[in-house]
Amino acid sequence: MEVNTLSFIRGRLTFLSTGSVGVGFQNDGGYRFNERVCACHAASDVLGSLLDSRTALEEFFCGCAARLRRLRMQLIVHYEEHHELVRFSACEDVRFYNSFKIVVRTESGNCFVEEVPLSEGLPETLMEDIRDFTSTVVGSQLSMATLVRRSAAFEQLDEALTVLLEPRAAGAFFHEIIGHMIERDTYELVKARLSHASFDPKIIFRDDVRDYERVCGLNKFDDEGTKIVPITLVADGKLCNTMDTQRFSGEGGLSGFARAESILYPLLPRMRMSLVSSSTHIERPSLPVRYFRMEKFLNGSVMPGSMNFWIQGSGAIVQEGVRVALLPHAVVTGNVIDALERIPYMGDDERAFFADCFKGGQTVRVGYRAPSVVLKPLRISGTAYMLRKDDHE
């Protein structure tokens, strides 16, 4: 089906804290913070709740900003609400998502971002999520910045280590390293190697937007008008399906993977909500005396010809249960098929995350949910900042 019309409304409400201005609200997309209805008639119940909670939110944001400012850091909070109406020749679809994006900027210019999808219970849920972010992600980055500023002892690391991926890093790993490889346009480049690959039977890799429609910005149909249905991609140790569109359809069926940033861009096969889980429950194994724990995934890529991959992320070297070094930009390299042929451990601590995914010159909203995952030894390289005893957890 061809798209007849495609329209969308974006609303954004921004809290900005600077060294000279304690609090300010910027209107970037038609919303007025002191009114219940936005200019484009796209206000939601969530927006109404935020407006009702204005005083409580201002006080909370100002408190967070003041604490971070003492550490020479800046807090920026964006609220974004997106409504999209897509009309096809025989049907139409209404899509919606909203979220808060929490940005912490250091004095060196580094930015750390956390997205908080909104739910019922505002503003309490929002405040709790922001507290978690500032006390964990920002906290670890602060300790990293402190080490760098004080010129801590460091060394260039290059060794093979077992890798523990925290849920956020594990979800991004499967999204980048497997997900993009089985989108139909890319899959044609790796079909000869990937179609016959053997994966660890524990791996279940699915794509399913059910229960995540209001955070992924998808609903009933993709951008070709194909009905969105859940699909299993990897199970029982083998590749089961690929992500097809009408343009790239091969022997697989159509399950609603055609997506575009807007009507101005070509349709491409793209992931929606990638779900990683284990088919069996096993006790967490004893990790080696020394291993690498990746806490945050930054980026990664696969060479289709060789199926060799690299991923970059931040984390720590753990030795005898204690963090002994921090790596802000560790690079992990290996081969996709070798790495996934046997996975020592997949946990049951699954968590969901959402992000903007860039491919083919356009960005679409995606999500992924995964547990912690242990990978067999891979090559780890990067600058390792050595921790002193009083820095250890």
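Biologist: Let's start with Thr-186. What does it touch, leaving out residues up to four places away in sequence?
Modeller: Thr-186 touches His-180, Met-181 and Lys-359. Keep in mind that this is a predicted model.

Biologist: Where is Thr-186 found? And is it buried or exposed?
Modeller: Thr-186 is in helix H5, which covers residues 184-194. Its relative accessibility is 16%, so Thr-186 counts as buried; the cut-off for buried is under 20%.

Biologist: OK, zoom out. How many helices and strands does the protein chain have?
Modeller: The chain has 7 helices and 19 strands. It runs to 393 residues, and 50% of them count as buried. The accessible surface comes to about 17,900 Å², with 50% of that belonging to carbon and sulfur atoms.

Biologist: And what share of the contacts join residues at least 24 apart?
Modeller: Taking contacts between residues at least 6 apart in sequence, 70% join residues at least 24 apart.

Biologist: Now the packing. Which residues touch the most other members of the largest nonpolar core?
Modeller: Phe-173 and Phe-292 do, in a core of 55 residues. Helix H4, residues 167-179, gives this core its largest share, with 7 residues.

Biologist: What is Phe-173 in contact with, beyond its neighbours within four places in sequence?
Modeller: Phe-173 is in contact with Leu-165, Ile-178, Phe-297, Phe-309, Ile-311, Leu-340 and Leu-375. There is also a second, separate core of 19 residues, and Val-104, Met-127, Ile-130 and Phe-133 are among its members. As background, nonpolar side chains tend to be buried together in soluble globular proteins.

Biologist: Which nonpolar residues form a patch on the surface, then?
Modeller: Ile-263, Leu-264 and Tyr-265 do, and together they have about 320 Å² of accessible area. Ile-263 sits in the loop between strand S10 (258-259) and strand S11 (268-269). With 46% relative accessibility, Ile-263 counts as partly exposed.

Biologist: Switching to sheets. What is the strand order in the open sheet of 6 strands?
Modeller: The order is S9-S8-S7-S12-S18-S17, and the pairing is mixed.

Biologist: Why is one side of S9 and of S17 left without a neighbour in that sheet?
Modeller: Strand S9 (238-239) and strand S17 (351-359) stand at the edges, and each has a single partner strand, so one side of each has no neighbour in the sheet. At the S9 end, S8 (residues 231-235) and S9 pair in the antiparallel sense over 2 bridges. Ala-235 stands opposite Lys-238 there.

Biologist: And how many bridges do S3 and S4 have?
Modeller: S3 and S4 (residues 92-106) pair over 15 bridges, in the antiparallel sense. A hairpin of 3 residues joins S3 to S4, and Gln-74 stands opposite Arg-105 in S4. Strand S3, residues 73-88, is mostly covered, with 13 of its 16 residues buried.

Biologist: On to charges. How many salt bridges do you count?
Modeller: The count comes to 17 salt bridges. One of interest joins the side chains of Arg-272 and Asp-207, at 2.6 Å from N to O. That pair links distant parts of the chain, 65 residues apart: Arg-272 is in the loop between S11 and S12, and Asp-207 is in strand S7 (residues 203-207).

Biologist: Are those two buried or exposed?
Modeller: Arg-272 counts as buried because its relative accessibility is 1%. Asp-207 counts as buried too, at 0%.

Biologist: Which residues are linked in a network of salt bridges?
Modeller: Glu-166, Arg-293, Glu-295 and Arg-323 are linked in one. In the Arg-293 to Glu-295 bridge, the closest N and O atoms are 2.7 Å apart. Arg-293 is buried, with a relative accessible area of 16%, whereas Glu-295 is partly exposed at 23%.

Biologist: Last one, Ile-282. Where is it found, and what does it touch?
Modeller: Ile-282 is in the loop between strand S12 (273-278) and strand S13 (290-303). Not counting residues up to four places away in sequence, Ile-282 touches Lys-202, Pro-344 and Tyr-345. Ile-282 and Lys-202 are 80 residues apart in sequence, and their C-alpha atoms are 10.0 Å apart in space. At 30% relative accessibility, Ile-282 counts as partly exposed.

Definitions and conventions
Residues numbered from 1 in each chain as written. Heavy atoms only, no water. Buried < 20%, exposed > 50% of the residue type's maximum accessible area, 1.4 Å probe, protein only. Helix = DSSP H or I, 4+ residues; strand = E, 2+ residues; numbered from the N terminus. Pairing = 2+ DSSP bridges. Patch = residues over 30% accessible without salt bridge, like charges linked within 9 Å, V, L, I, M, F, W, Y side chains within 5 Å. Areas by Shrake-Rupley, 256 points an atom, 1.4 Å probe, with all protein chains shown as cover. Salt bridge = Lys/Arg side-chain N within 4 Å of Asp/Glu carboxyl O. Contact = heavy atoms within 4.5 Å. Core = buried A, V, L, I, M, F, W, Y, C linked by side-chain atoms within 4.5 Å.
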